[in-house]
Structures are given as C-alpha cells and as structure tokens.
Amino acid sequence: MRIVSLAGGIGGARFLRGLKAATPDSEITVIGNTGDDITLFGLRVCPDLDTVMYTLGGGINEEQGWGRAAETFTVKEELAAYGMEPQWFGLGDRDFATHIIRSQMLAAGYPLSQVTEALCDRWRPGVRLLPMSDDRTETHVVVSDEDGRRAVHFQEWWVRLRASVPAEQIVLVGADEARPAPGVLDAVAAADVVILPPSNPVVSIGTILQIPGIRAALEDKTVVGVSPIIGGAPVRGMADACLTAIGVETSAQAVLELYGSALLDGWLVAEEDKGVALDGVVVEARPLLMSDPEATRDIAAAALALARSLAS
C-alpha cells in the first residue's frame, strides 16, 4: 500500500511512528511542514522536518519530543556569552551539525528536497520525507503588545511568547508564489490513501494545504484525518491559540468543518466527541490519546482501516 501523510512536528512525528508500526510493509511518503522554518545564527533550521527525521530515525529526545537525545548546549551558552540573539530558541550542539550541513548545501545551490534526502541518508527514517515546497515560506503572526502592532516570526510567538499574546492574524509569507516540492504531487497521485495525523490544523496541516496545488490534488484522493482536539482541548501544544486567531472554535467538530468534506472522506474523533458529524464524511469515535507506542499504533491502524474501507 502506498500512503501519503502530511505532518507537522511532535504529534505528527509520533503518529507516523505508529503508522509505520501498523503497516510495516507499506510505502509511506511524508509531506512535511516548512512554514516553521527560520534562520538563526546564519543557519537554516527546519524544526518539523527534523522532528520527523529524528523521531523516525531513533535520535529524538523522547521526553520533550523535539531536539536530539543526549543533547548538550555548549555552543548555545557560548553564543549567549557573546550576547548573540535570539537566546530564546535553544539549539543543541548535536542539532547544530544538522543545520550546518543543511545551510552549506542550500548555499551550494541544492534545493531543500535534495538536502532533506541527504540528511535522511544518515537517519534512515523508513519513510520518504519531502518538504512541502523547496521555495522559502515562513509563517508570521501579527500581534499587538507594548511594542505596538507588528508581525513576528511564528517561532518567536510560539517559543518566546508561548502564544500568550493573542494572534490577530497568521500569515504564510511566500505561499502564493511557492510550488510543491518535486515528488509531492506525484506521491499524492500515486497514493492509495492519505492520512492526516493529529497535527496543528492551522500552522502544520493548514500550512501545507496553502501551497498551491496540494489541496486540489488531495481532494481527488481518499483522505482520513485524526482529530487533534479531544473534548474541546488540544491533544498537545497550543493549537487552541491558533484556531482562535482564525476564528475557529477549539473542537473536533470545528476542525472537521475547517478541513471540509471536499478534503476529508473520514474523520477519527475521541470517544468524548462522539456525535461530531458532517455530510459527506464518515466519522468514527475511538480512544485517541497517544499515551504509548502501542496506543499510537492502534490509532494509526484505525485511521488506515477507515481509509481502506472508504477507498474500496
């Protein structure tokens, strides 16, 4: 079976690990969000791509869900001693190596998709990992605070401000001119099913869907999504702050309507959200908390089973 999955960071990466366990013989292509990408200290950092790569490749810090295992922060401390900013984004020493290699390859003219493939040669994640686009796009957030009304990079709003300042607008800068990375549309066209993990529906999955051509391609396929909202609260992170920014309620029903029946054929919700419905979408309720690898595998297997039944 050929499966395409869209993914953001921690939740998406952990779900993908469960998906691999649920269907070890399938060919899985992952389209990763690059809207979170940022340049720090002259280096290009791709947090979501790296989180997927490290998680599936066995190098992730399991406790926090991002960054490298057994990490040290000597370079970060030395940069701080020189007064270098920003100091709110913590790159570890092992992680720096990835960003140095990526930045050197990009500077040499390699597109991000080829760079990602080269990095995955080391980590062997067991999936084909593609950035949503080789073109530079960055998610920015419009806020109003003591410094006035301004736009900040998503990472500053998410990491430094912890989304404590309400977002007035979330914008994917560069989306209109961006094109899907090589292989993205071909993978979607060849897919038997498409699975949307419980990633942030605004700044992970929603960002990927903004790249011209991707959503239209997905609408021709059998697509099953897993709700990132359980009982009116995000499974992880601050998706509620992102949903509020675009005027969407934090509920499994509202996220289902945000994606819409043109995109989704099936929708998995938690048992607490039984009763969620939308014409044209098959909704199933089951436990959705990814509490351990076995539970995560079972959730992925349920999503895949629903997709298979709808595709047949």
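Aspartate 48 is buried, with a relative accessible area of 6%, in this predicted model, and it is found in helix 2, which spans residues 47-57. Once neighbours within four places in sequence are left aside, aspartate 48 is in contact with Gly8, Gly9, Asn33, Asp36 and Ser204.

**Salt bridges**

- The count of salt bridges comes to twelve, and one of them joins the side chains of arginine 17 and glutamate 62 at 2.7 Å, N to O.
- That pair links distant parts of the chain, 45 residues apart, with arginine 17 in helix 1 (residues 10-22) and glutamate 62 in the loop between helix 2 and helix 3 (74-81).
- Arginine 17 is partly exposed at 31% relative accessible area, and glutamate 62 is partly exposed at 44%.
- Arginine 149 and glutamate 168 meet through their side chains in a salt bridge of 2.7 Å, N to O, which links strand 7 (residues 148-153) to the loop between helix 6 (154-160) and strand 8 (169-173).
- Arginine 136 and glutamate 138 form a salt bridge of 3.1 Å, N to O, in which arginine 136 counts as exposed at 57% relative accessibility, whereas glutamate 138 is buried at 11%.

**Helix packing**

- The axes of helix 4 (residues 93-107) and helix 5 (residues 112-123) come within 10 Å and cross at roughly 140°, so the two helices are oblique to each other.
- Their crossing is right-handed, and Thr98, Ile101, Arg102, Met105 and Leu106 in helix 4 meet Leu112, Val115, Ala118 and Leu119 in helix 5.
- By class, this contact has seven nonpolar, one polar and one charged residues.

Terms used
Residues numbered from 1 in each chain as written. Predicted model: local features only at pLDDT ≥ 70, side-chain atom pairs only at ≥ 80, totals over all residues. Heavy atoms only, no water. Axes fitted to C-alpha atoms, helices over the stretch in contact; angles between N-to-C directions. Helix = DSSP H or I, 4+ residues; strand = E, 2+ residues; numbered from the N terminus. Parallel < 35°, antiparallel > 145°, perpendicular 65-115°, else oblique. Left-handed = near helix turned anticlockwise from the far one by under 90°. Contact = heavy atoms within 4.5 Å. Nonpolar A, V, L, I, M, F, W, Y, C, P; charged D, E, K, R; others polar. Buried < 20%, exposed > 50% of the residue type's maximum accessible area, 1.4 Å probe, protein only. Salt bridge = Lys/Arg side-chain N within 4 Å of Asp/Glu carboxyl O.
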